[in-house]
Amino acid sequence: MTRAVFGIVSVLSLLAALVFVPVAQAAAQLKNVLVFHKTAGYQHPSIPTGIDAIRTLGRQNGFTVTATADANYFTSTNLIRFQAVVWLSTTGDVLNDNQQKAFEDYIAKGGGYVGIHAAADTEYDWAWYGGLVGAYFHSHPANQTARIRVEDRSNVSTSHLSQTWTRLDEWYNYRTNPRANVRVLASLDESSYSGGNMGDHPITWCHDYQGGRAWYTGLGHTTESYSDPAFTKMLLGGIKIASRAANADCRPENGYTPIFDGSQTSLDQWRQAGPGGFNLVDGTLVSHGGMGLLWFPVRQFSNYSVRLDWMMPGDDNGGVFIGFPDPQGDPWRPVSAGHEIQIDATDGDPTRTTGSVYSFRAPDRALRDSVLNPPGQWNAYEIAVHGQLVEVWLNGVKINEYTSNRDIAVGYLGVQNDGAGLDISYRNIRVRQDAGGGGTDFARGRPVFVSSVEPGSSHVGENAVDGNNQTRWGSVHADPQWIAVDLGETRAVERVRLSWEAAYARVYKIQISPDNENWTTMYSTETGDGGVDEVLVAGSGRYVRVEGTQRATQWGYSLWDLQVIGKG
């Protein structure tokens with residue numbers, strides 16, 4: 001949000017901004033790390049090089065490193081001296097019962113675990129350890145080059161990497177897929193090498209576990225790994241995350257669908273309102289000019305959670321907009337109709353700083369500051385909207401909660417380019433539609449029948465159900481006209497969404513049919529005003545038809561998008 005004032009903030013809103021007081025811990029100081037490298041099975045030749053690399057990281061970053069293969073280090077009084085314990089390619093059964101109990105107690109008191117490569121080939125009879133590492137080793141093919149997909153680029157251990165990282169290593173298959181229980185930071189593209197057997201193949205992850213925090217990577221078999229700056233920087237980030245010397249969101253992430261995945265194809269689905277815009281650089285949206293808004297017009301969302309990464313190079317400005325109607329080219333409409341979750345850590349008004357619901361609710365500032373990564377580093381937002389309730393997480397910590405009096409329960413999402421010199425970048429934007437919100441679009445890609453197509457045009461009926469807001473159906477310039485979609489089977493329909501182009505229907509009805517012949521009207525209006533119509537309906541059938549009987553313009557009927565939504 002630009003720093004100009006938009007409207008008068010009520011006294012009640014300002015008072016409410018001071019009420020929300022959540023609790024969290026600030027980042028810890030990293031002082032001492034234990035590197036444990038005992039092997040009861042295969043001993044990797046890369047272990048000595050790995051120890052040297054971690055000692056170098058310690059010298060460069062102000063922490064001491066103790067390396068040992070002696071399991072007698074695992075006592076409660078000794079382990080408490082270390083913020084993290086690195087299991088460097090350990091193999092087999094390396095701890096006795098008392099040592100296992102001491103390590104369990106250490107983790108329960110907030111200790112950190114870092115597992116490298118064969119740490120997953122360790123302690124198969126210790127179920128607690130299997131949960132800590134995340135997954136046990138199963139098998140591996142010969143060393144070869146493979147592509148890694150970097151899934152979480154806000155995490156300090158992976159934020160320096162490109163979306164795709166190609167490297168040589170020994171690629172582990174695991175006995176189980178850990179994704180449901182961990183935050184996957186990177187995964188293998190099994191099409192890029194031979195011998196993968198998992199399909200979905202996580203290779204680096206983190207998670208909170210029984211009081212402590214764990215970070216693991218399957219990389220690190222080769223000696224050359226430990227002279228690779230990209231790998232050692234990732235390893236340093238993992239140590240910081242496990243020790244809580246760096247903020248990270250290690251909660252599992254399931255059920256999210258990308259709406260911007262870093263590709264040009266995905267960006268083509270978005271639309272710019274107002275001046276300026278974004279350049280696409282290495283899968284990242286980089287702002288230029290403004291003040292404008294890049295918004296996702298393919299659908300509105302309700303009862304949802306949106307996650308994304310953002311980065312400001314300095315004292316800059318941006319924001320995430322939620323719950324707004326079609327801006328119709330005007331970036332100021334979402335300011336007054338939706339809410340902005342602000343990104344600006346230096347504004348003097350606490351309701352206009354990072355994590356605030358702009359001008360309505362300040363975050364807990366001490367908490368926000370304790371988890372906020374500085375300029376030049378990536379941060380991660382999660383914003384949940386359930387009805388009028390807005391919740392904001394920064395790097396995995398909840399920093400704000402606000403119940404709005406605006407009509408935000410159903411609306412669009414967008415990201416702001418605030419202006420020249422107020423630079424911001426965004427990436428990895430994804431949404432999870434929760435139970436009770438959204439549902440399934442039964443019309444997407446289904447057969448469509450229309451009364452007519454605008455002569456000499458490519459605006460055929462199928463364009464309205466292809467999910468591309470740059471294509472549309474257009475009819476001849478006459479009344480009446482209709483568009484119908486075959487849902488493939490009988491469906492219970494709860495909502496129909498019509499995204500009109502400039503030529504729209506003043507009078508129309510939405511009908512449903514079991515056989516494409518006998519129609520029942522679920523909704524009708526004589527006051528259609530274009531834009532996006534989000535219509536709640538109730539009916540069951542295989543076919544849905546929108547029939548227009550009065551145009552609002554001299555032109556025909558024109559639909560960017562027709563969605564028929566229900567529980568699939």
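Cys 250 counts as buried, at 3% relative accessibility, where buried denotes under 20% relative accessible area, exposed over 50% and partly exposed in between, with a 1.4 Å probe and protein chains only. Its partner Cys 206 is likewise buried, with a relative accessible area of 0%, and the two form a disulfide with their sulfur atoms 2.2 Å apart, a disulfide being a pair of cysteine sulfur atoms within 2.5 Å. The structure is a predicted model, in which local features need pLDDT of at least 70 and side-chain atom pairs pLDDT 80 or more, whereas totals for chains, interfaces and linings use all residues. Residues are numbered from 1 along each chain as its sequence is written, and side-chain values use heavy atoms, with hydrogens and water left out.

A search of the whole structure finds one disulfide. Because Cys 206 lies in strand β10 (residues 201–209) and Cys 250 in the loop between α6 and β12 (257–260), the pair ties together parts that are 44 residues apart in sequence. The torsion about the S-S bond of Cys 206 and Cys 250 is about -105 degrees, so the disulfide is left-handed. Helices (H or I, at least four residues) and strands (E, at least two) are DSSP runs, numbered from the N terminus.

Helix α6, comprising residues 229–243, is mostly covered, since 12 of its 15 residues are buried, among them Phe 231, Met 234 and Ile 239. At the start of α6, a side-chain oxygen of Asp 228 reaches to within 3.0 Å of the backbone nitrogen of Ala 230, and just after the helix Arg 244 takes a positive phi of about 65 degrees.

Technical notes
A polar contact is a pair of N or O atoms within 3.5 Å; within protein, one must be able to donate a hydrogen and the other to accept it, and residues adjacent in sequence count only if both atoms are side-chain atoms.
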